[in-house]
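Colleague: I'm new to this one. Could you walk me through how to read it, starting with a single residue and then zooming out?

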Amino acid sequence: MEIPISSMSLEQCTFSAALECRYLLQAPDHVARKPLIVLALHGYGSNPEAMLRLTTALVGDECVVASLQAPNQHYANLGLPNAESVPAYNWGIRPHWESSVTLHHDMVRKTLAGLRVQFDLGAERCLLIGFSQPVGLNYRFVATHPDEVAGVIGICGGVPRDWEEDKYQRVPAAVLHISRDQDEFYPLDVVSTFAERLRLRASDVEFHLLAGPHRFPSKAGGIVRPWIERVFPAS
């Protein structure tokens, strides 16, 4: 006898499993006594190799740069994968956003902890950078774990929709946010609210609007490096 599907109960079951995480680490041949640790997170569909290259060009080659790989993997090309398919990674999708936020926080905290031990440094020498998708995740992170980094840079990303909710804390870290005026994902009327919204939780907020579409601003070193010098003065 067949049982009608409509009469069956459906239950969603969840469980945790070990996840192998990966980041690329690039350090100068001669590391300064108290170098700046830069933890960089790439955008949706990118990879840590590309973000490492872009970040190093942005902050300079005297920093220790770690480029963290997002946990979810897919192929960047359309259609079925083949031998020429390019691997790409992302930080999660909307239907599973809550668990994606938790995983992001865990990955960032563990990566920062390992780097601080390796280079014998504190949070005052740690900078978190994100491009596109992880920008909002990084803002959530610094407002949930305010003692982990002293600076955060958001590039071509957004401020969390729930930023005004009481679950977030004050952000002692300095914030540098860079947007583009032709960003196809973040319209100008939305972007124009970011500085004011960020200042609801952070007192040190610097905002820049650059010309161009949703692309990593390769010539933004003239903005980023003076900001780094101010927030992370040389030892």
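This is a predicted model: local features need pLDDT of at least 70, side-chain atom pairs count only at pLDDT 80 or more; totals for chains, interfaces and linings use all residues.

Colleague: Which helix is Ser100 found in?

Modeller: Ser100 sits in helix H2, which covers residues 97-119.

Colleague: And is Ser100 buried or exposed?

Modeller: The idea is to look at relative accessible area, where under 20% means buried. Ser100 has 10% relative accessibility, so Ser100 counts as buried.

Colleague: What lies 2.9 Å from a polar atom of the Ser100 side chain?

Modeller: That's the backbone oxygen of His96.

Colleague: Okay, zooming out. How many helices and strands does the protein chain have?

Modeller: The protein chain has 6 helices and 9 strands. As for burial, 49% of its 235 residues count as buried.

Colleague: How do I read the radius of gyration of the protein chain?

Modeller: You compare it with what a compact globule would have. For 235 residues that would be near 18 Å, and the protein chain has 19 Å, so the two agree. Along the principal axes, the C-alpha trace spans about 80 × 40 × 35 Å.

Colleague: What share of the contacts between residues at least 6 apart in sequence joins residues at least 24 apart?

Modeller: In the protein chain, that share is 72%.

Colleague: And the surface and charges?

Modeller: The accessible surface comes to about 13,300 Å², with 53% belonging to carbon and sulfur atoms. The chain has 21 positive and 26 negative charges, and their mean positions are 4 Å apart.

Conventions. Residues are numbered from 1 along each chain as its sequence is written. Side-chain values use heavy atoms; hydrogens and water are left out. Helices (H or I, at least four residues) and strands (E, at least two) are DSSP runs, numbered from the N terminus. The radius of gyration is taken over C-alpha atoms; the globule rule is 2.2 Å times the number of residues to the power 0.38. Buried means under 20% relative accessible area, exposed over 50%, partly exposed in between (1.4 Å probe, protein chains only). Contact means heavy atoms within 4.5 Å. Accessible areas come from the Shrake-Rupley method with a 1.4 Å probe; for residues, only the protein chains shown count as cover. Lys and Arg count as positive and Asp and Glu as negative; His and the chain ends are not counted. The place of a charge is taken as NZ of Lys, CZ of Arg, CG of Asp or CD of Glu. A polar contact is a pair of N or O atoms within 3.5 Å; within protein, one must be able to donate a hydrogen and the other to accept it, and residues adjacent in sequence count only if both atoms are side-chain atoms.
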